Amino acid sequence: MKKTLIRILLSALGFCAIIALWQLAFHLVDNRTKLPSPFSVFEYIKESILSGVLLSAIKGTLMRMFSGYAMGLLFGIPLGVLCARIRIFRDTLGMLALGLQALPSVCWAIPAILWFGTNNSAMIFVVLMGSVWSLLLSTQHGVMNISPIYIRAARTMGSKGLHTWIYVIMPAAFPSIVGGMKQGWAFAWRSLMAAEIVVALPVSKANGLGLQLNYGNDNNDIAQVIGIMIVIVAIGLLVDKILFSPWEKMLRKRWGLDAK
Amino acid sequence: MQSLLNSSHGKVAAELRSVPSSKLVIDKVSKTFTRNGKEFTVLDDINLHIEEGEFVCLVGPSGCGKSTLLNLIAGLDSPTSGTIYTNGNPVYAPGRDRMMMFQEHALFPWLDVLGNVMFGLKLKPNLNDAERREVAKYYIYLVGLERFTHSAIHELSGGMRQRVALARSLAPNPNVLLMDEPFGALDALTRENLYRDLQKIWQQRKKTIVFVTHNIREAVCLGDRVLLFSPNPGKIREDFKIDLPRLRDINNPNLSEVSSVITAALKQHLDAKGVAE
Ligand SMILES: Nc1ncnc2c1ncn2[C@@H]1O[C@H](COP(=O)(O)OP(=O)(O)OP(=O)(O)O)[C@@H](O)[C@H]1O
Ligand SMILES: [Mg+2]
């Protein structure tokens with residue numbers, strides 16, 4: 001208890017130091033159009049929260065993120081299982097996934113606009129493309145690499161078929177799947193930001209953090225740009241803590257430190 | 001916990017009081033594997049009768065087909081020719097009447113100790129979850145791990161893991177327990193404790209046990225019979241009856257005497273085959 005308190009205090013102190021350095025840099029650069037003061041960024045964030053703009057942007061962005069990511073889970077995990085099970089899927093879809101995972105998924109923004117128009121669907125599609133391949137591959141990898149002895153042990157205890165899949169194979173593949181979920185989220189988050197900057201510009205209805213970044217650019221308001229960037233980072237951290245930390249904690253508790 | 005056995009409350013007590021075991025008959029069993037397009041016989045015409053509640057140890061050098069035979073009895077693999085019978089019924093597939101314990105503990109890391117012991121029980125009909133939990137707790141107590149009921153597997157020592165694996169195999173109350181070098185990876189002291197406890201549990205639960213090991217002293221310490229295997233092709237060469245009183249201590253000099261006889265026999269068979277160890 002006392003240890004965590006000290007840790008939080010030290011971490012707060014560290015952040016104060018960073019802000020102090022920033023303030024110092026602000027005085028040295030002395031150019032408000034290039035480097036805003038911490039205070040002006042703070043002011044921007046406060047005002048945009050009060051006016052509701054920031055929250056509606058966050059809502060818009062997260063809505064796309066979650067829809068696309070949910071679809072990624074929905075497709076990625078079953079397809080990963082299919083690839084692990086059936087060779088021909090592994091040699092086609094699995095190969096394709098390997099290739100497409102390496103493709104920065106913001107590239108999908110261009111065909112997405114062509115197919116769906118400059119709207120939400122296009123951006124959700126980019127998120128899907130950002131997450132689905134990591135999820136597919138990690139599931140395939142996880143399922144294929146489970147120790148056969150688990151399955152043999154389960155069989156001797158009378159488990160077979162679907163029961164083995166639900167109670168042995170999927171739990172055994174879980175550490176790998178969580179890794180893929182994390183990676184898929186990170187890829188999708190980056191590409192959504194890029195896609196919002198590219199796509200969102202002409203669509204006034206689709207508010208989002210990318211759009212706000214663009215507005216900041218249009219208004220020549222560097223405080224807004226930096227403010228939104230800070231929000232993007234904060235959301236990334238928060239999601240990591242809320243969405244993935246519990247799983248990882250659980251893995252570490254159950255599997256031990258060697259959980260991957 | 002002991003009261004569980006004595007007091008008669010319903011199904012749990014009935015379940016714990018029943019101590020089924022099977023007669024095992026291995027009838028002209030051969031097993032051939034194909035490797036690099038070449039066939040070779042791993043087990044050649046094995047004939048074996050194991051009585052109900054008998055504790056049989058298989059010893060022999062690496063690669064002589066001990067694990068293969070155990071897999072066949074478990075039903076994880078099927079013989080190329082011949083048949084295995086438990087209580088007169090031929091074995092075609094794994095079954096709850098035969099549980100296997102592996103060299104590596106094969107415990108599920110995503111479940112705690114109780115969850116692992118419950119795994120096989122959950123597949124057993126006629127018990128509800130509360131009853132299963134009671135049965136599982138009894139076996140965890142039997143292997144001396146009640147303090148670790150809710151521990152994660154990675155928190156346990158190697159010896160404790162094998163104890164959990166033993167509890168997991170015992171929990172569905174199989175007739176036959178198949179053990180494939182279960183203590184091979186443990187240190188001597190831990191093993192000695194397990195020898196004592198396994199003998200006690202065997203006397204209490206009256207299972208038919210087939211126990212595979214490299215270690216002849218271990219075999220003599222545990223078995224009613226010690227079967228000597230030798231490779232190329234795998235065959236049972238000799239069948240030693242061990243008449244030492246229970247519980248046996250591995251450091252007992254009488255036991256060493258018997259072991260040295262068996263060791264000599266093994267060497268003879270290996271020399272006859274021209275296999276240098
Ligand atoms: N699935 C398989 N395919 C091909 N060969 C196999 C297979 N399983 C076992 N073998 C071969 O059969 C032989 C006997 O193997 P087995 O595992 O039964 O030996 P073992 O007596 O248990 O040895 P150890 O004491 O080292 O465990 C070995 O030569 C092994 O290579
Ligand atoms: Mg073996």
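Me: What stands opposite B:His49 of β2(B)?

Reply: B:Val25 stands opposite B:His49 in β2(B), and nine bridges join strand β1 (residues 24–35) of chain B to β2(B), the two running antiparallel. Strands are DSSP runs of E with at least two residues, numbered from the N terminus, and two of them pair if DSSP finds at least two bridges between them. This is a predicted model, in which local features need pLDDT of at least 70 and side-chain atom pairs count only at pLDDT 80 or more, while totals for chains, interfaces and linings use all residues. Residues are numbered from 1 along each chain as its sequence is written, chains are lettered from A in the order in which they are written, and side-chain values use heavy atoms, without hydrogens and water.

Me: Why do β2 and β5 of chain B stand at the edges?

Reply: The open sheet has the order β2-β1-β4-β5 in chain B, with antiparallel pairing. Because β2 (38–50) and β5 (89–90) of chain B each have a single partner strand, one side of each is left without a neighbour in the sheet.

Me: Why is A:Ile6 called partly exposed?

Reply: Buried means under 20% relative accessible area and exposed over 50%, with partly exposed in between (1.4 Å probe, protein chains only); the relative accessible area of A:Ile6 is 45%, so A:Ile6 is partly exposed.

Me: What makes both faces of β6 (residues 98–101) of chain B covered?

Reply: B:Arg98 and B:Met100 on one side, and B:Met99 and B:Met101 on the other, are all buried. In β7(B), B:Leu178 is the bridge partner of B:Met100, and four bridges join the parallel strands β6(B) and β7 (residues 176–180) of chain B.
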